[in-house]
Amino acid sequence: MSNRTAEASGADVRPDRRAPVGPYAPARRSGRRRPGRTGERREVRGLVSPHTLTTTRGRIVYWTVLVTVVVGFTAIFVFPLYWMVTSALKSPEEIAQIPPSLFPEKIDFGVYKEAWDQLDLGLFLRNTVVYAGGAWLFTLAFDVSAAYALSKLRPVLGKAVLAMMLSTLMIPPMVILLPAYLTVKDLPILGWNLLNTPWAIWLPAAANGFFIFLLKRFFDSIPRELIEAAEMDGATPARILWSIVLPVSRPILGVVSILSVVNVWKDFVWPLLVQPDTDKMPISVGISSLSAQMPQNVLMAALVIASVPAIVVFLFFQRSIMAGLTAGSLKG
Amino acid sequence: MTTITVRGSRRRGREAMGRAVRRNLTAYGFLCGALICFAFFSWYPMIREFLLSFQKTNFVGPPEWVGLDNFRTVMEDSAFGPAWVNTAMFTLLALVAGYAVPFVIALVLNELRHAKAYLRIVVYLPVMLPPAVAVLLFKWFYDPGPGLFNQILDLVHLPALSWLDSTTTALISLVIVSTWMNLGTGTLIYLAALQSIPGELYEAAELDGAGLLRRVWHVTIPQTRLILLVMLLLQIVATMQVFIEPYLLTGGGPENATVTVAYLMYQYAFSFGNFGGGGALGLMLMIVLMVFSAVYLRVSRDDKN
């Protein structure tokens with residue numbers, strides 16, 4: 001028995017047992033992990049004992065490390081961003097000056113306006129939003145209903161279908177880039193050419209085995225009784241999905257939504273291939289294809305404009321993004 | 001009496017079968033959207049990848065079977081050797097910087113009691129930037145004249161480097177960008193793993209007189225062994241597909257110093273119009289990556305048992 005407890009405490013790092021976003025998982029997890037834990041012992045301790053931190057020497061070391069880490073992180077991760085924002089405020093002469101100025105001589109947001117107009121960033125941003133929004137809708141519609149069917153309706157060959165969907169996780173995306181491009185260019189049987197249409201981004205985005213995996217695992221954890229009770233009352237499968245499964249699945253829907261939008265927003269290679277026309281490009285492809293012909297300060301302004309939406313989304317949805325990350329890292 | 005029962009059960013049987021048929025039809029109705037997407041954009045391309053590498057694709061007629069010709073063509077290419085060496089070097093260097101460092105950072109972050117939220121956001125910020133933005137930003141930093149890096153070197157009285165323009169530093173420059181923009185992912189995953197280690201284990205180790213490093217070695221690492229292994233494999237598979245850095249920064253140069261397998265594959269298809277050659281490279285890369293994926297599968301399955 002004690003052996004089992006020890007095992008269970010290690011279970012948190014196991015991909016198969018870990019359910020970071022399950023509806024009932026948090027309670028079950030903490031309950032399983034430390035069954036006999038009393039209130040005062042809940043204080044989490046790490047490598048260094050709390051006792052060491054109360055000694056003078058411990059405190060000096062701790063504060064030195066803290067200050068070093070905060071300063072180091074700011075220099076490594078924030079300073080480049082500061083440099084990007086301020087480079088865009090400088091005049092072409094000032095940006096080429098050696099040594100560079102730490103603060104721009106005068107704050108001139110004109111460069112941002114110039115970048116916006118010259119590069120047609122409004123169009124690029126709108127394209128990106130259309131691609132990300134459509135991909136999100138298709139992902140939710142197709143993957144949620146597929147995961148629901150596989151989890152709750154359990155059709156014939158359901159297991160095989162699931163296995164085939166999950167097998168796509170083993171294929172690195174770069175490796176099937178060329179055949180996927182050729183497929184989109186000339187869709188088999190139908191013969192449609194999807195290049196330069198949003199479909200070329202929306203539909204492949206929905207073919208995501210990892211989302212199916214996350215959703216199905218979550219749906220599996222919804223108690224049977226809930227579904228059976230609704231069936232007794234004569235609810236159709238569609239009704240059960242809409243009124244029972246979806247409302248309790250909000251956390252996982254949040255994670256999948258954010259992951260799908262971020263995936264499309266960050267993707268570069270795929271839109272580079274399937275949106276070759278300049279007026280169809282999403283923002284990162286658009287900026288990089290025009291980057292060679294731009295003055296440095298205008299390019300920096302364009303980069304700032306391209307990163308603002310991502311950073312705003314991140315600051316707003318931090319928690320879900322980080323939850324998605326820990327779920328995402330453990331994909332099978 | 002008996003007949004009624006028999007007839008009844010038969011009817012019930014038929015009803016049950018009808019219900020099963022209906023349930024299956026509904027289920028496949030729900031599945032059809034995803035099935036179509038997977039069939040066209042995942043399953044078919046997987047098969048097509050195999051066909052592609054043994055065919056000559058010209059966009060006018062039907063593709064022509066050419067046996068191993070495509071493989072011969074790419075292997076005779078002078079960039080073929082460098083592409084594999086660079087991909088391996090890039091992966092190795094990216095592992096040195098991008099694998100151990102996040103673990104150490106996570107260890108330190110886990111001990112801190114202040115500024116936790118700030119540090120966590122800051123380390124993840126570059127991950128949120130679109131990769132193209134991060135790469136183009138670093139292209140400006142690498143500028144040999146007024147670029148940030150040479151200015152910093154100048155400030156501390158070190159000689160300037162030519163970064164992307166020299167065969168010795170170009171690949172390392174790519175590794176630096178790649179590490180900068182991906183470091184946050186590993187850090188936060190390790191941090192989550194570290195937080196699940198019960199404090200009692202450290203207490204017990206301490207009572208036994210284990211110092212800080214020994215506690216890391218005998219408690220932290222065994223407790224996070226699985227996640228460390230999984231991350232190692234995932235990172236190898238992810239970095240071996242490196243494309244955007246050479247595409248945006250160097251175009252494979254100087255003198256093939258940064259050409260990678262994925263980049264060469266792209267060049268074959270879109271610069272030389274030789275999809276067969278690109279397909280052959282893709283297939284070779286797939287085989288190499290499949291080895292790591294298979295190890296990964298094995299590891300997670302062993303763990304399940």
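Here are some questions and answers about this predicted model.

Colleague: Okay, which helix of chain A gives the most to the side that touches chain B?

Modeller: Start with the whole interface: 87 residues of chain A are in contact with 87 residues of chain B. One helix, with 14 residues, gives the most to chain A's side, and that is helix α17 (residues 296-329).

Colleague: And how many nonpolar residues does that side of chain A have?

Modeller: Let's sort that side by class. There are 6 charged residues and 18 polar ones, and the nonpolar count is 63.

Colleague: Are helices α11 and α14 of chain A roughly parallel or antiparallel to each other?

Modeller: Look at the angle where α11(A) (residues 209-220) packs with α14(A) (residues 250-266): it's about 175 degrees, and the axes are 10 Å apart. Phe211(A), Leu214(A), Leu215(A) and Phe218(A) of α11(A) make the contact with Ile252(A), Val255(A), Val256(A) and Ser260(A) of α14(A). Angles over 145 degrees count as roughly antiparallel. So α11(A) and α14(A) are roughly antiparallel.

Colleague: Over in chain B, how many residues of helix α12 are buried?

Modeller: Helix α12 of chain B covers residues 261-270. Its buried residues include Val261(B), Leu264(B), Met265(B) and Gln267(B). The helix is largely enclosed by the rest of the structure, because the buried residues number 9 of the 10.

Colleague: Last one: what distance separates the centres of domain 1 and domain 2 of chain B?

Modeller: Chain B divides into domain 1 (2-53) and domain 2 (70-304). In the contact between them, 4 residues of domain 1 of chain B meet 8 of domain 2 of chain B. Taken over C-alpha atoms, the centres of these two domains are separated by 43 Å.

Notes. Residues numbered from 1 in each chain as written. Chains lettered and ligands numbered in written order. Predicted model: local features only at pLDDT ≥ 70, side-chain atom pairs only at ≥ 80, totals over all residues. Contact = placed C-beta atoms within 7 Å. Helix = DSSP H or I, 4+ residues; strand = E, 2+ residues; numbered from the N terminus. Nonpolar A, V, L, I, M, F, W, Y, C, P; charged D, E, K, R; others polar. Buried ≥ 20, exposed ≤ 12 C-beta atoms within 10 Å, placed from the backbone. Domains from an automatic or database assignment. Axes fitted to C-alpha atoms, helices over the stretch in contact; angles between N-to-C directions. Parallel < 35°, antiparallel > 145°, perpendicular 65-115°, else oblique.
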